[in-house]
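Please look over the sequence and the model, then read the notes below by topic.

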Amino acid sequence: MKKYMGNKLAILLFVLPALAIFITFDFIPIIQVFAYSFTDWNGLTIPNFTGIKNYLDLFTDRVFATSNRNQLIFAVVITIYQMLFATVFAITISDKKMKGRKFLRVAYFIPVILSVTVVCQLWSAVLAGDGLLNKLFEAGNFDFKQNWLGDRYKAIYVIAFVNAWQWMGYQFALIVAGIKSIPSDYYEAARIDGCSNVLAHLKITIPLLAETYKFCLIISLTGGIKAFTEMNILTGGGPNKSTYTLTYMMYNAAFKKSDYGYGLAAASVMVVECMLVMLVINFIFRDRDQKKEEEKARRKRRA
Amino acid sequence: MKKRILSTLVCLTVAATSIIGCGSKAPVEETGKDTAAAETTTEAKTEEKAEEKAEENATETTEASGDKVTLSIYTQYADDDTKVPYDYAVEQLKEAYPNVELNLIVQAQDDGQTLKTLAATGQLPDIYQASTDIINTFRESNQIMVLNEVAQSTGFLDKLYDANKDLAYAEDGNIYAFPFSGQEYVLWYYNKALFEENGLEIPETYDDLLNCIEVFKGKGITPLALFGQEGWNTAAAYDVIATRYAEGGIKALDEGKASITDEGYVNAAKKMEELVAAGLYQEDATTTNYDQASEKFLSGEAAMFINGQWYIEDATKALGDNVDWMFYPAADAASYEAGKAVFSGGGSASGFAVNPDSANAELAAEVAEFITEKYCEAKVMYRHNPLVAIDTGKEPDSEYPAMMKKLSDTLPSITATTKFTWGLTNSTFNDAIQSESQGLVSGQFTADEFVQDIADTME
Amino acid sequence: MRKDRSNKALHYVFIAFCWIYAAFSLYPLIWMLFYSFKTNNEIFVTNPFGPPWPLHYENYITAWTKYDVPLYFINSLIVSIGTVIITIFCALLFSYATSRMVWKLKTFTRLFLGLGMFIPVQAIMIPVVKIVQKFGLMGTRWSLIFPYIAINLAFACMVYYGFFKGIPMELEEAACMDGANIYQTFFMIIEPLVRPATVTLVIYIFLNAWNEFILANVVVGSIPKLKTLPLGVLFFQGEFTTDWGGMGATMVIASFPAIIVYSIFSEQVESAMTIGGAVKG
């Protein structure tokens, strides 16, 4: 069996196409990004090597701290929102007794289909000073009227919500697909044991979908760290750069200030942050993987 | 069952590859569809050119034999202010240069990201619209042609108004782009009807202005609609105040002739802070885009508006006699009078530039000059904007709007102007003033922070 | 199974919440449709949320005449389908090898490719375009397809990895004993099991490629024959003003095919899932 699954030629054939495309169109550019981040370069002329100057400037930049804070908030908000709602809705939809489940499944996914521009246009209309939300509060005599997107400290939460709202549908679809792939006799067994529906899911679905959840966690967190488009459309990074992220810093430096080297330094830091997050998540989930493997080994021995 | 799936997959892959394959490099067949004439007929040439460039084959194209030459041009083509001149220029070009065809690449509103990437990868179009920032960047990498001789031989320099000479020359004394816009001005527009209905005089001092703010706010009218999502508008909002305290405005700061910590600039920032607190701008100004703010003003929901003089045409169309512009208010009557001679805004070194590596660079330079002239003519004739770079000798197709007449009468007495943000040469300062002034507008950054942050950045 | 009353009430509240949330998710679709029939004045001042009246259908006429919609449409379609097929194919094989087969560097290789998820397109744009040129792909549809594959690959591999991990090892053992070689095992036994993942990924990758703007603008922005639908919005964005209604029409034209693709595939999801389940059970 080991020989069967260790077929060198097959492995090579399986891995090669993806690896070749990745190295050519992703990895080589990434290496260049890191290399150029040590230079003074406007994107066009011959770059001047300046050592770690860009990084020193970056770490003392007022906006750098703001960007990191924003990324963290963004990542946390979208992770909680998406994983919570995606799980709840996925479980609801998977219940065969639920009426209109097909319709609901399509509905939750709709925001994912629309382009970011459309979704952001809609939300900026809703959240504007005299937008729908404030009008509703006014009509109901609530004192929640706010400058939703113009607040120095709070705007980032609102932007994070918009992003979370749009992409929740995708994690939802993944979890639904995951639940479908769990054999239904597992649930029947649980039901016979007297578990309620919710309990059955807590005991079966979530542990069995650990890989899917790990993956959802990674896309939410890193999605937060590299966020850009929503800020660009909703606030333009404002007021006064208070909704910037590192990607935004990169964009601003590279294209508005023609300081490509500095921009790439910001991008490099962001990539490193994402990698760290991924490694940490892999580390946290590793124990569980090992446990599963051990269990399997035990079962095999018994058989 | 399983086999079928596998074979379908293989079939699909093969089919996809063949579709992709034939669609691209195969010789272009004549579609016979004349609808997208400009697009379809120029394809073959563009593609050849792109390939040649990629392979760095310096072989001459067949221009000498009188064949059609296609020049790619990267410019704006979206609203009337950009479409009308372009269409007019293309039409005129057909007569003057029958063998030249233009392949239009519509400019993206992306802070030069596309153009810079095209330049970095050697795909620069033959002719492109270059801003001050682009000129300065491309100059360093020799990707912008020196047009001194062409400007001389085509007579462009003779037609250029004296006042606009400085718009043609870059810092190093060379001409890199043919400007079509002349000197431009930031105007403080107001809705005459709204002022009259509320028994208000045109504000001359900030105290008057504060009074107006109070009255308008009481009526539920936005005093001044700002499109603060765009940094240039907030910078202009600061500049119209700064010029009342220090004549140089943001231009002097850009050139390093003044410092943000100077008394005038600090006072201006404090005054702006005060006006923001009083509610001069709408609360969500920093997330308002141009169209939102403009619609507010044109529909009478806002009493004032700050924009360039190019807005005269649109404002007059919508509001007729009810719209006018005023001199910027100042601290007291004396500085109000003195300030009448100083305007925010000004010209910027920008216009049509040429790619020196183009296979037809010489021809492209001539065509760029020709198009520039036609742009100016179209702007005078059809957009009623006499503030173009050159003397066109053309008359508008109808009378100038009243606001434009008033501006023309004022022009001789204007002694100083500043810059629009796109005319600034120090990109660090440009970035700082745009975002910091936005901070002031938001009401959540103090004047002290504003001064401190800019001072820090400029060090 | 015997629930008391408060539990039942709670249940109804929850069901109501599910439906309200669904309504909120559907509204943008309707809103976009409304929007595309309005003028700037209606969009921003007089009628931002309600149905449009009168219908400014001329927005669609402008969109249709400003650029060659059918041509852009076909370009988008070819590029998106090409991207989807190749990405799925590569990702399936790669994830299978890194999740189930046995070799030394598999974890490293998997994480290495995972890097691709974190790169903002704006940062690698210039190097990517240069590489596309070096391979002589400029002026062909491959100039978009290859970078798009690279962008989506890491994501697809991660999704597949999770699904492959969940399949019991016994399946391969059985196949091996029956005498199937590894390729047969993969294509006939394992691949059908991850069909639900494939369908979700097809939708996701298709949408990504379909909506991509930045790279498309740089790579094919100057080649009319190869332009894709998202580039249409350029015709409505001026330096100062934007024709939002016209843009809305363009976005409707661009999104509805995507929605149709989704509705077709979401049916497929359902059936694919039942097949997957049947094989498994």
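**Sheets of chain B**

Strand 4 (residues 186–191) and strand 6 (residues 302–308) of chain B pair in the antiparallel sense, with 5 bridges between them. The model is a predicted one.

- Four strands of chain B form an open sheet in the order 5-6-4-7, and their pairing is mixed.
- At the edges are strand 5 (222–225) and strand 7 (323–326) of chain B, each of which pairs on one side only.
- On average, neighbouring strands of this sheet are turned by 25° against each other, direction ignored.
- Within the antiparallel pair of strands 4 and 6 of chain B, Tyr190(B) stands opposite Met304(B) of strand 6.

- Strand 1 (residues 69–75) and strand 2 of chain B run parallel and are joined by 7 bridges.
- Opposite Val69(B) stands Val100(B), in strand 2 of chain B.

**Contact between chains B and A**

- Chain B has 29 residues in contact with 24 residues of chain A.
- On the side of chain B that touches chain A, helix 4 (113–120), helix 5 (132–140) and helix 19 (427–442) of chain B supply at least two residues each.
- Helix 19 of chain B gives the most to this side, namely 8 residues.
- By type, the residues on this side of chain B are 4 nonpolar, 16 polar and 9 charged.

**Nonpolar cores**

- The largest nonpolar core has 241 residues, and those touching the most other members are Ala18(A), Phe172(A), Ala266(A), Leu153(C), Cys157(C) and Tyr160(C).
- Helix 7 (residues 142–165) of chain C gives the most to this core, with 19 residues.
- Apart from this core lies another, of 70 residues, which includes Leu187(B), Leu226(B), Ala269(B) and Met272(B).
- Phe172(A) is in contact with Ala86(A), Phe89(A), Ala90(A), Tyr108(A) and Phe109(A), leaving aside its neighbours within four places in sequence.

- Helix 5 (residues 106–114) of chain C has Arg110(C), Leu113(C) and Gly114(C) as its buried residues.
- Seen down the axis of helix 5 of chain C, these buried residues fall within an arc of 110°, so they line one face of the helix.
- As background, an α-helix has 3.6 residues a turn, so residues three or four places apart point the same way.
- Ile189(C) has its place in helix 9 (residues 182–193) of chain C.
- Ile189(C) counts as partly exposed because it has 18 C-beta neighbours inside 10 Å, whereas a buried residue needs 20 or more.
- Leaving aside neighbours within four places in sequence, Ile189(C) is in contact with Leu171(C) and Ala175(C).
- Leu171(C) is 18 residues from Ile189(C) along the chain, and the C-alpha atoms of the two are separated by 7.8 Å.

Methods
Residues numbered from 1 in each chain as written. Chains lettered and ligands numbered in written order. Predicted model: local features only at pLDDT ≥ 70, side-chain atom pairs only at ≥ 80, totals over all residues. Contact = placed C-beta atoms within 7 Å. Nonpolar A, V, L, I, M, F, W, Y, C, P; charged D, E, K, R; others polar. Core = buried A, V, L, I, M, F, W, Y, C linked by C-beta atoms within 7 Å. Buried ≥ 20, exposed ≤ 12 C-beta atoms within 10 Å, placed from the backbone. Arc of directions from axis to C-beta. Pairing = 2+ DSSP bridges. Axes fitted to C-alpha atoms, helices over the stretch in contact; angles between N-to-C directions.
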